[in-house]
Amino acid sequence: MRNFFLKFLLLILWIPTTPSLAKELAHPDGLLRLYNYHLEETLEVQYEKNGKLDPIALEKLNHFFRSRDNGENLKIEVALIRLLDHLQDHFAVDTVEIISGYRRPKFNQKLKQKGHKVSSRSLHMQGKAADIHLDEIREETLRDYLLKSQTGGVGYYGPLDFVHVDIGEVRYWGEEIKRRKLIGVLNKEAPIQLTSDKNEYLPGEILNFTWTFQQGHSEENLSNIQLEQFHRGKWLPCPQERAT
């Protein structure tokens, strides 16, 4: 009776991927735009077209996902690439930012020894996992979608601005930690210090700034200030009427 109850409970907790989602995952558009946070590299590649994989494009992806400590690379599983492609298409985002791709075992162990929360059996070492950030949505939105779609492992690191995704067993981990506030300018020698009231904001939302002026400087200096946005590894002018 106890075993029956446990099986029944597991059936309730398990939510299968819907047929429409499974179809989307199996047939993304085959085009990926990526930015590697640590290596400061960008890549736009058509790795699949009309159901046919491009081996040269896949090699470019293997190199792009390389271990950031020494450049060693490994074959990245196509299922992971397709999952990232699907997320880019589904959320209509410009670029998928890769915080961590492949990690060679020695580098993974080194991170663990330094106190980073990495698993000794991390799927990053098998080319089956990636830590990602999407500018256009919040980490919570990405996390909730991945949990609903049951595509594999999901690790929530919202306060650090990324989500772990992998194509292993369906599982979840994460901590709800108060979000940090972003320091807009942290240069003690700058004439004007700027801080914002939150770490992220989406189009249409209000972002409040606090100005602090060093001795000898006043609001007249604000006429030369220009807000910028981080896009595909570059800082670009942010569309605006005027900073106030």
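How many helices and strands are there in the protein? The predicted model, in which residues are numbered from 1 along each chain as its sequence is written, holds six helices and 13 strands, where helices (H or I, at least four residues) and strands (E, at least two) are DSSP runs numbered from the N terminus. Because this is a prediction, local features need pLDDT of at least 70 and side-chain atom pairs count only at pLDDT 80 or more, while totals for chains, interfaces and linings use all residues; side-chain values use heavy atoms, with hydrogens and water left out. Of the 244 residues in the protein, 36% are buried, a term that stands for under 20% relative accessible area, with exposed meaning over 50% and partly exposed in between (1.4 Å probe, protein chains only). Among contacts between residues at least 6 apart in sequence, 50% join residues at least 24 apart; a contact means heavy atoms within 4.5 Å.

Seven strands form an open sheet with mixed pairing, in the order β2-β1-β5-β6-β8-β7-β9; two strands pair if DSSP finds at least two bridges between them. The edges are taken by β2 (41-46) and β9 (171-174), each of which has a single partner strand, so one side of each is left without a neighbour in the sheet. On average, neighbouring strands of this sheet are turned by 25° against each other, direction ignored. Axes here are lines fitted to C-alpha atoms, for helices over the stretch in contact, and angles run from 0 to 180 degrees between N-to-C directions.

At one end of this order, strand β1 (residues 31-36) is joined to β2 by six bridges, and the two run antiparallel. Within this pair, Leu34 has Leu43 of β2 opposite. The loop between β1 and β2 contains Glu40, whose phi is near 55°, a positive value in a residue other than glycine. Most residues other than glycine have a negative phi. Glu40 is exposed, with a relative accessible area of 63%.

Helix α3 (residues 55-64) lies across β1, β2 and β5 (96-100) and runs at about 160° to β2. Helix α4 (residues 78-90) also packs on the sheet, where it touches β1, β5, β6 (129-133) and β8 (162-166), and its direction makes about 95° with that of β1. Leu61 belongs to helix α3 and is buried, with a relative accessible area of 0%. Apart from its neighbours within four places in sequence, Leu61 is in contact with Leu34, Leu43, Val45, Tyr47, Ile76 and Ile81. The C-alpha atom of Leu61 is separated by 9.6 Å from that of Glu44, 17 residues away along the chain.

What surrounds strand β7, and how is it paired? Five of the five residues of β7 (residues 153-157) are buried, so this strand is largely enclosed by the rest of the structure. Gly153, Gly155 and Tyr157 point one way from β7, and Val154 and Tyr156 the other way. In a regular strand the side chains alternate between the two faces of the sheet. Four bridges join β7 to β9, and these strands run parallel; Val154 has Tyr172 as its bridge partner in β9. Another four bridges join β7 to β8, in this case antiparallel, and Gly155 stands opposite His164 in β8. The hairpin of β7 and β8 has four residues between the strands. In this loop lies Asp161, with a positive phi near 65°. Asp161 is buried, with a relative accessible area of 16%.Finally, there is one cavity of 30 Å³ or more in the structure. A cavity is a set of points, on a 1 Å grid over the protein atoms alone, where a 1.4 Å probe fits but cannot get out, and its lining residues have an atom within 4 Å of a point. The largest cavity has a volume of about 70 Å³, the volume being the space filled by probe spheres set on the points, which are joined across faces, edges and corners. Its lining includes Asn36, His38, Phe64, Arg66, Ile98 and Tyr102, and β5 gives the largest share, three residues. The lining divides into five nonpolar, five polar and two charged residues; Ala, Val, Leu, Ile, Met, Phe, Trp, Tyr, Cys and Pro count as nonpolar, Asp, Glu, Lys and Arg as charged, and the others, Gly among them, as polar.

Note on methods. On a 1 Å grid over the protein atoms alone, a cavity is a set of points where a 1.4 Å probe fits but cannot get out, and a pocket is an open set with protein on both sides within 12 Å along at least five of seven lines; lining residues have an atom within 4 Å of a point.
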